[in-house]
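User: Can you walk me through this one? I have a few quick questions.

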Amino acid sequence: MYRYDEFDAEFVRQRVAQFRDQVGRRLTGELTEDEFKPLRLMNGVYLQLHAYMLRIAIPYGTLSSRQLRKLAHIARAYDRGTGHFTTRQNLQFNWPKLSDIPDILEELAEVEMHAIQTSGNCIRNVTADHFAGATADEVADPRPYAEIIRQWSSLHPEFSFLPRKFKVAVTASPRDRAAIQVHDIGLHLKRHADGSLRFAVYVGGGQGRTPILAKLIRDDLHEQDLLSYLEAILRVYNLHGRRDNIYKARIKILVHEIGADAFARQVEEEWQRIRGGALELPQVEIARIDAYFAPPAFERRPAKATLRAPDRAFDRWVTRNTHAHKQPGYAMVTISLKPIGGIPGDASADQMDAIADLAQQHSFDEIRVTHEQNLVLPHVRLADLWEVYRALKGIGLAEANAGLVTDIIACPGLDYCALANARSIPIAQRISERLAARQDAIGDLKIKISGCINACGHHHVGHIGILGVEKRGEEHYQLLLGGSGAEDAALAAITGPGFGPDGIVDAVEKVVETYLDLRSSAQEPFLAAYARLGAAPFKDAIYAAT
Amino acid sequence: MSKSAPHISVLTANRLDDGIVVFLDFEGAWNESLAEAVVARDPGEARALEDRGAYDAAHNLVVEPYLVEVREEAGRLIPIRTRERVRVSGPSILDDVPGYSPPLAAAAHPASGQLVEAA
């Protein structure tokens with residue numbers, strides 16, 4: 001894992017002291033709310049529906065046991081005993097007092113964490129494939145590049161006041177687990193025919209009010225040119241991105257309006273001007289950062305192991321929640337934060353502590369946060385899986401549902417968020433309860449729920465997406481079908497008229513039952529069946545009785 | 001406020017120090033209970049509440065004050081919009097969180113589809 005150097009530590013320490021002073025001046029009235037708001041947002045502090053919310057950055061979703069224990073401690077000492085993992089691999093606390101937040105940030109700094117650039121019109125926390133550095137299907141660990149981007153973008157003087165927020169995601173696998181095509185910049189690291197590593201650069205993707213898939217503007221970017229090329233993209237956006245209309249300010253609108261080719265030409269012109277300058281990444285610097293992410297000291301172990309005593313529930317869990325590791329004898333373990341009927345992405349302080357212990361004992365001290373609101377133990381010996389499973393069962397987190405219909409993404413919605421129009425979490429809970437008994441028969445199926453048009457719950461790229469809206473003061477839900485945030489990225493289409501809180505659960509069930517009835521075999525995935533059948537049979541089913 | 005609806009309103013905000021939802025009460029204090037809120041029954045009273053909210057915000061007692069439309073039902077105040085009902089009652093989903101106690105309020109609960117009284 002990356003460790004802070006002296007510069008990082010001093011930078012974060014100074015920022016905490018600065019914010020402590022700002023909070024103090026706000027509480028005494030020296031700063032008005034209008035003056036204070038941009039300052040608190042720069043430090044991840046929102047005022048939400050019920051209270052303040054603190055969003056903590058988890059760079060590229062990588063945590064150590066020590067860091068997770070600190071988050072558990074903060075949940076107990078300053079919040080209400082729970083943390084919420086988000087679709088941007090961050091963690092949110094929903095109940096901190098403003099007066100406590102400087103102390104929280106100081107505690108975070110002790111474990112090399114902060115909340116800087118988790119809000120505001122700047123380059124946000126860089127996300128990455130949650131299996132990075134462990135998965136058998138990647139060409140290299142993408143996290144060193146994510147860390148390089150983090151360092152470049154932290155307090156970047158030119159990009160701290162962009163037209164809108166800016167999100168970057170990185171993967172190095174042909175299977176896109178980072179949803180790169182719905183990010184402002186998506187980077188896909190590939191092995192070129194000559195053996196070098198090069199980036200495919202996607203620009204202008206995003207969800208929200210105007211969902212657009214990113215456009216590929218370069219397929220062969222050398223790693224030493226990464227920062228200069230990103231700087232060129234940001235400069236073109238910063239110059240031409242709209243500041244007059246918040247709904248048209250994201251880079252996706254700029255790319256869409258002038259066209260990807262024209263945008264790429266402007267980037268190319270700027271890049272040629274700055275390429276090879278101070279931003280060129282020397283191999284020695286890439287190697288220095290890369291060393292922080294060196295593989296742990298794996299043992300040489302047989303590729304297969306006798307796992308345990310007979311246990312059907314364990315068999316299901318191994319099938320669903322463990323994944324092929326690049327190192328023989330090891331597996332990646334998804335810890336589902338989606339117990340049936342539970343709150344997607346929530347973990348109690350006790351659960352966080354227990355997971356930190358498991359990571360320390362069984363996963364070289366590492367935990368990953370996924371954009372699907374689960375956690376991962378990236379390096380577990382096959383021989384340890386039974387013990388890990390039993391420990392997870394003991395804390396209520398052994399649900400064998402990774403990728404199944406109950407593994408639902410849901411934003412905080414109207415239960416917490418000041419922007420939301422409708423609740424997301426109770427809908428997720430009820431769908432989970434309704435379909436749990438059939439989830440194995442249904443197979444892989446991604447449901448994603450947002451409580452407003454901002455789409456934090458990724459409803460545009462759900463196989464089944466749900467968007468909460470407000471209709472005459474009441475909660476109402478639109479249903480969307482056919483989206484994907486993976487390598488086959490696609491935007492879901494609205495089926496038709498929306499539903500109330502009860503009706504949307506029934507509608508989802510009808511979609512699932514239609515899929516089960518009409519799929520060509522149990523092996524035909526939902527998206528394949530939807531593509532083959534079209535929307536008509538699903539619409540017929542859900543609107544038949546209305 | 002809607003011009004045609006006969007709704008009444010209360011003044012709400014978030015407390016500066018901890019961000020908790022509060023309502024201006026009969027005694028001019030900021031109170032966590034909607035039941036204690038002072039009610040504006042005409043535009044003049046509503047404007048007076050807004051003025052008071054702006055004053056208290058300027059004096060750093062509360063943040064982001066605004067009027068909430070409510071109706072009276074069996075002697076109770078119930079916000080018109082779902083958003084405000086959730087804001088009054090707290091998250092509808094925290095029964096299993098250790099130490100969490102939902103505040104006293106009425107709320108539309110999606111699980112039951114009807115108005116329920118929070119404990």
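Analyst: Ask away; note that this is a predicted model.

User: How do helix 6 and helix 8 of chain A cross?

Analyst: The axes of helix 6 (residues 226-240) and helix 8 (residues 260-274) of chain A come within 8 Å and cross at roughly 125°. Angles of 65 to 115 degrees count as roughly perpendicular and those over 145 as roughly antiparallel, so helix 6 and helix 8 of chain A are oblique to each other. The crossing of these two helices is right-handed.

User: Which residues make the contact?

Analyst: From helix 6 of chain A, they include A:Tyr229, A:Ile233 and A:Arg235. Helix 8 of chain A contributes A:Phe263, A:Val267 and A:Trp271, among others. The residues of this contact are eight nonpolar, two polar and three charged.

User: Switching to the two chains. How many residues of each are in contact?

Analyst: 29 residues of chain B are in contact with 29 residues of chain A.

User: Which element gives the largest share on the chain B side?

Analyst: Helix 2 of chain B, with four residues. Strand 4 (62-73) and helix 2 (82-89) of chain B each supply at least two. That side of chain B divides into 14 nonpolar, nine polar and six charged residues.

User: Back to chain A. What is phi of A:Phe364?

Analyst: Near 50°, a positive value in a residue other than glycine. A:Phe364 sits in the loop between helix 11 (349-362) and strand 14 (366-369) of chain A.

User: Buried or exposed?

Analyst: A:Phe364 counts as buried because it has 20 C-beta neighbours inside 10 Å.

User: And what about phi of A:Ala455?

Analyst: Positive, about 70°, although A:Ala455 is not a glycine. A:Ala455 lies in the loop between strand 17 (447-450) and strand 18 (464-471) of chain A. With 23 C-beta neighbours inside 10 Å, A:Ala455 counts as buried.

How values were computed. Residues numbered from 1 in each chain as written. Chains lettered and ligands numbered in written order. Predicted model: local features only at pLDDT ≥ 70, side-chain atom pairs only at ≥ 80, totals over all residues. Axes fitted to C-alpha atoms, helices over the stretch in contact; angles between N-to-C directions. Parallel < 35°, antiparallel > 145°, perpendicular 65-115°, else oblique. Left-handed = near helix turned anticlockwise from the far one by under 90°. Contact = placed C-beta atoms within 7 Å. Nonpolar A, V, L, I, M, F, W, Y, C, P; charged D, E, K, R; others polar. Buried ≥ 20, exposed ≤ 12 C-beta atoms within 10 Å, placed from the backbone.
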